[in-house]
Amino acid sequence: MKTIRNILLIVIVIIAIVFAMDIYFSPAPLEEAISVNRGQVNKVETMAQMCVIDIYSEVPVLDTINSKVMFAIQKQKGSVSFDIESMEINTEEDTITVTLPPEIVELFEATDDNSWEVIDTKPIGNMALFRSGKFTIEEENIIKSRIKRKSKQVLYRNGTIAKARAEAAKNLETLMTALYKKPVKVTDPTPQGSPDYQAK
C-alpha cells in the first residue's frame with residue numbers, strides 16, 4: 001500500500017509541475033474580490049498534500065474591541081488541499097474505492113504591498129471624546145484572528161470548499177484509474193466540507 005501511495009504521489013507531482021508551468025507562463029488574471037486558481041501539489045514533506053485550488057481575496061473589515069471600532073482592508077492568500085497519505089483505499093473489489101479525506105484550509109494575510117490597510121479607527125461608547133481610538137498590536141492581532149475565522153466560514157458558505165472537494169474527487173478518480181488500470185470510484189462523505197474544519 002505504501003508503494004502504491006508513493007507511485008500516486010509521483011504521478012501527481014508530475015501533473016502538478018505541468019499545471020504550475022501553465023499557470024506561471026499564462027497572463028496574470030484581473031484582480032477580483034475573490035479569485036480561485038487551479039492548484040498544485042505542495043509541501044512534499046512528511047505529509048504529501050494535493051492542492052486543488054489557490055485562493056486570493058480582498059476582505060473589508062469592520063470590527064470592534066475594547067470600545068474601539070476599526071475599518072480596514074486585508075488581502076488574503078490561501079489554499080484548499082488534501083492529505084494524500086490519509087486517503088482510505090480499498091483495492092479488494094473489482095472497482096477500487098477511495099475515500100476523500102477532510103480538506104485542509106489554509107488562509108493567511110498576503111505578503112503584497114498594502115496587504116493590511118487601516119482606513120479609520122475611533123473610540124465608541126461612553127466618554128468616547130476623551131479616549132484614543134488607536135489600536136495596540138495585540139488588539140490588531142485579535143481582529144486579524146477573527147477575520148481569518150470569518151473568511152474561512154465564508155469559503156464554506158459560498159461553495160468554494162464544496163467546489164474544491166468535487167474537483168479533488170474528479171482529479172483523484174482520473175489519476176487512480178490511470179494508475180490501477182481498472183475502475184475507480186471516489187466517495188466523498190462530506191461534499192459540503194468537513195464540519196470539524198468549518199469551526200476553525
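From the N terminus on, the elements of the chain follow the order α-β-β-β-β-β-β-β-β-α-α-β-α, which comprises four helices and nine strands. Helices (H or I, at least four residues) and strands (E, at least two) are DSSP runs, numbered from the N terminus. The model is predicted: local features need pLDDT of at least 70, side-chain atom pairs count only at pLDDT 80 or more, and totals for chains, interfaces and linings use all residues. Residues are numbered from 1 along each chain as its sequence is written, and side-chain values use heavy atoms, with hydrogens and water left out.

Of the 200 residues in the chain, 38% are buried; buried means under 20% relative accessible area, exposed over 50%, and partly exposed in between (1.4 Å probe, protein chains only). Among contacts (heavy atoms within 4.5 Å) with a separation of 6 or more, 69% are between residues 24 or more positions apart. The chain exposes about 12,000 Å², of which carbon and sulfur atoms supply 57%; accessible areas come from the Shrake-Rupley method with a 1.4 Å probe, and for residues only the protein chains shown count as cover.

Strand β6 (residues 96-99) has two neighbours to consider, where strands pair if DSSP finds at least two bridges between them. Strand β5 (residues 88-90) and β6 run antiparallel, joined by three bridges, and they form a hairpin with five residues between them. Within this pairing, Ile89 has Val98 as its bridge partner. With β9, by contrast, β6 runs parallel through four bridges, and Thr99 stands opposite Thr187. In a regular strand the side chains alternate between the two faces of the sheet. In β6, Ile96 and Val98 form the covered face, while Thr97 and Thr99 form the uncovered one.

The 21 residues of α3 should span 30 Å at 1.5 Å a residue, and the end C-alpha atoms are 30 Å apart, in agreement; the expected span is 1.5 Å times one less than the number of residues. The buried residues of α3 include Ala164, Arg165, Ala168, Ala169, Leu172, Leu175 and Met176. Just after the helix, Lys181 takes a positive phi of about 60 degrees; this residue is exposed, with a relative accessible area of 72%. A positive phi near 60 degrees also occurs at Asn114, in the loop between β7 (103-109) and β8 (116-123).

The structure holds six salt bridges, each a side-chain nitrogen of Lys or Arg within 4 Å of a carboxyl oxygen of Asp or Glu. One of them joins Asp63 and Arg146, whose closest N and O atoms are 3.1 Å apart. Because Asp63 lies in strand β3 (residues 49-65) and Arg146 in helix α2 (residues 137-157), this pair ties together parts that are 83 residues apart in sequence. Asp63 is buried at a relative accessible area of 12%, whereas Arg146 is partly exposed at 23%. Another salt bridge connects Arg165 with Glu103, the closest N and O atoms being 2.6 Å apart. This pair links helix α3 to strand β7, 62 residues apart, and both Arg165 and Glu103 are buried. Glu103, Arg165 and Asp188 are linked in a network of salt bridges.
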